[in-house]
Amino acid sequence: MEERNISEQESLQLIQEMIGKAKSHYHESGASAILWGAVIGTCGLISFAEQQWNFSIGFDIWFLTLAAIVPGIWINIRAAKKRIVKTHATAAIDIVWNVFGISIVCVVLYGNIIPSISEGFFAKENIELLSHNMLTGETKKYWPTTLSLSSVFLIIYAFPTLATGWISKFKPMIIGAVVCYCFFIASLFTPFKYDMLLCGLAGIGNWLIPGLLLNRRYRKAKSAHV
Amino acid sequence: MFKDLDPILHSQLRLAVMSLLISVKEAEFTFLKEKTNSTAGNLSVQIQKLKDAGYIDVVKQFKNNYPQTICKITPQGVTAFEEYVKNLQAYLGANK
């Protein structure tokens, strides 16, 4: 393309062509979604298996999520370096995922801090929570855990996925998020063991599968430009 | 009576650059070069003209020890582009 005057008709065609080119430029490799989908999927399924078949792998599998933070940050930095264009949609999606990261940390803090703080508040009022087994008559101290915290995690998992799918008009993510919301409703009625299964399946449906589809699309677009 | 089309925008490469930038938040020089299929020298000259007109902002920095040029359309550029498209549509509509 060179610097030359053009007819009015050519101008309109050029505008349409360039806007189309800008919109069709695709750079999302889905690596981050694949990483987190695989990690959450593995953690949820192993956690469920441990309880279903009464065995232990010797450590809390959910620590894997902490281990995945460093490669997760590395993937994001690498993707940002490769990015040669920033659309309004990608800028909005970046904000959504940053808010998601903050929210996840807050929910983890909530789940870990609330029980001990609640116990302290009750103690100040000279109240002790007790659980009583009506069958054996046994009464013991009750640790005030946050009930069905995994349901809250399922809502948090679904939110950025739905927002990303909606903004980028990527159906697999919209479907994954809707499935995740269905899992959330199911988790309201299921015991902890099955909540873990739902969390694992949510990780796979919400991120791993859409991430793999994104990656396939990315590779296709990349090979088309070579 | 038709308004004259903005001479800054009524040029193939500058209009292509503005059409790309109106669709995105910001873009690197390499992106504009790839999409417009232009030479680096010619693109630099046209980007400078758009910058001088106040239609785009250009930020030059270093990324991984390589120079990086980031272009972004300004509010003045958005207004000029919208005006250009409006005039173009009026002209083409009248000539149908």
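**Reading the contacts of chains A and B**

User: Which residues does Leu15(B) touch, leaving aside those up to four places away in sequence?

Analyst: In this predicted model, Leu15(B) touches Ser11(A), Leu14(A), Ile15(A), Leu9(B) and His10(B), with residues up to four places away in sequence not counted. Each of these pairs counts as a contact because the C-beta atoms of the two residues lie within 7 Å.

User: What makes Leu15(B) buried?

Analyst: A residue is called buried when 20 or more other C-beta atoms lie within 10 Å of its own. Leu15(B) has 28 such atoms within 10 Å and is therefore buried. Leu15(B) belongs to helix H1 of chain B, residues 12–23. From C-alpha to C-alpha, Leu15(B) and Phe81(B) are 8.7 Å apart in space, although 66 residues separate them in sequence.

User: How is chain B as a whole put together, in helices and strands?

Analyst: Chain B has four helices and three strands, and along the sequence they follow the pattern α-β-α-α-β-β-α. The C-alpha trace of chain B spans about 55 × 25 × 20 Å along its principal axes. Of the 96 residues in chain B, 33% are buried. Among the contacts of chain B between residues at least 6 apart in sequence, 57% join residues at least 24 apart.

User: Which elements of chain A give two or more residues to the side that touches chain B?

Analyst: In the contact between the chains, 24 residues of chain A meet 27 residues of chain B. On the side of chain A, the elements giving two or more residues are helix H1 (8–24), strand S1 (85–86) and helix H5 (88–124). H1(A) supplies the largest share, 11 residues. By class, the residues on this side of chain A divide into 11 nonpolar, five polar and eight charged.

User: Are H6(A) and H7(A) roughly parallel or roughly antiparallel, and why?

Analyst: The axes of H6(A), residues 149–168, and H7(A), residues 171–187, cross at roughly 160 degrees and come within 8 Å. Angles over 145 degrees count as roughly antiparallel, and H6(A) and H7(A) are therefore described in that way. Their crossing is left-handed. Residues making the contact include Leu154(A), Ile155(A) and Tyr157(A) of H6(A), and Met173(A), Ile174(A) and Phe184(A) of H7(A). By class, this contact has 13 nonpolar, seven polar and one charged residues.

User: How many residues of each class does the contact of H5(A) with H6(A) have?

Analyst: The contact of H5(A) with H6(A) has 16 nonpolar, four polar and no charged residues.

Conventions:
Residues are numbered from 1 along each chain as its sequence is written. Chains are lettered from A and ligands numbered from 1 in the order in which they are written. This is a predicted model: local features need pLDDT of at least 70, side-chain atom pairs count only at pLDDT 80 or more; totals for chains, interfaces and linings use all residues. A residue is buried if 20 or more other C-beta atoms lie within 10 Å of its own, exposed if 12 or fewer, and partly exposed in between; C-beta atoms are placed from the backbone. Axes are lines fitted to C-alpha atoms, for helices over the stretch in contact, and angles run from 0 to 180 degrees between N-to-C directions. Angles under 35 degrees count as roughly parallel, over 145 as roughly antiparallel, 65 to 115 as roughly perpendicular and the rest as oblique. A crossing is left-handed if the near helix is turned anticlockwise from the far one by less than a right angle, and right-handed if clockwise. Ala, Val, Leu, Ile, Met, Phe, Trp, Tyr, Cys and Pro count as nonpolar, Asp, Glu, Lys and Arg as charged, and the others, Gly among them, as polar.
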